[in-house]
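User: I'd like to go through the labels on this model and ask what stands behind each one. Can you take me through them?

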Amino acid sequence: MRTCKVNAKIGISSSAVIGRVDPSAYVNIVSAGSNDPANPDLRANLERIRSRASRVIWILPIETRARAEVQAVATAHGDPVVSFAPAGDRVHPRSEIGLARSIAAVMAARLG
């Protein structure tokens, strides 16, 4: 997505994502929870992430517990979510292009 500013790092925890949220961005596309699904503070971290952004599109993790927490926060705030087919590691997307297309479709449909 050429028009997006990327502020990502593979392997970071949900608490590390908090500081990467850009409050001035039109929308933040957030992938969090995959690396710390058993973290007892995951839900609180996701809420802190959400509190820093005006609009969020959440990327749903594959791991069941993290996925449920992300979905719950998204639902509570009326935020859209996107999912993806996982690669062999069952963490990352099989196709980054496919994920980007899903995000673009949500942006067009939900955010104008």
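Analyst: Two strands pair if DSSP finds at least two bridges between them. This is a predicted model, where local features need pLDDT of at least 70 and side-chain atom pairs count only at pLDDT 80 or more, while totals for chains, interfaces and linings use all residues. Residues count from 1 along each chain as its sequence is written, and side-chain values use heavy atoms, with hydrogens and water left out.

User: What makes β1 and β2 (residues 56-59) a pair?

Analyst: The cut-off is at least two bridges, and these strands have four, in the parallel sense. I29 stands opposite I57 in β2.

User: Why are β1 and β3 called edge strands?

Analyst: The open sheet runs β1-β2-β3, and β1 (28-31) and β3 (81-82) each pair on one side only.

User: How do you know that α4 packs on the sheet?

Analyst: Contact means heavy atoms within 4.5 Å, and α4 (residues 96-111) touches β1, β2 and β3.

User: What makes a set of residues a nonpolar core?

Analyst: Its members are buried Ala, Val, Leu, Ile, Met, Phe, Trp, Tyr and Cys residues joined through side-chain atoms within 4.5 Å; buried means under 20% relative accessible area (1.4 Å probe, protein chains only). The largest such core here has 17 residues, with V17, V30, A32, L46, I49 and W58 having the most contacts inside it. Helix α3 gives the most to this core, four residues.

How values were computed: Helices (H or I, at least four residues) and strands (E, at least two) are DSSP runs, numbered from the N terminus. Axes are lines fitted to C-alpha atoms, for helices over the stretch in contact, and angles run from 0 to 180 degrees between N-to-C directions. Buried means under 20% relative accessible area, exposed over 50%, partly exposed in between (1.4 Å probe, protein chains only).
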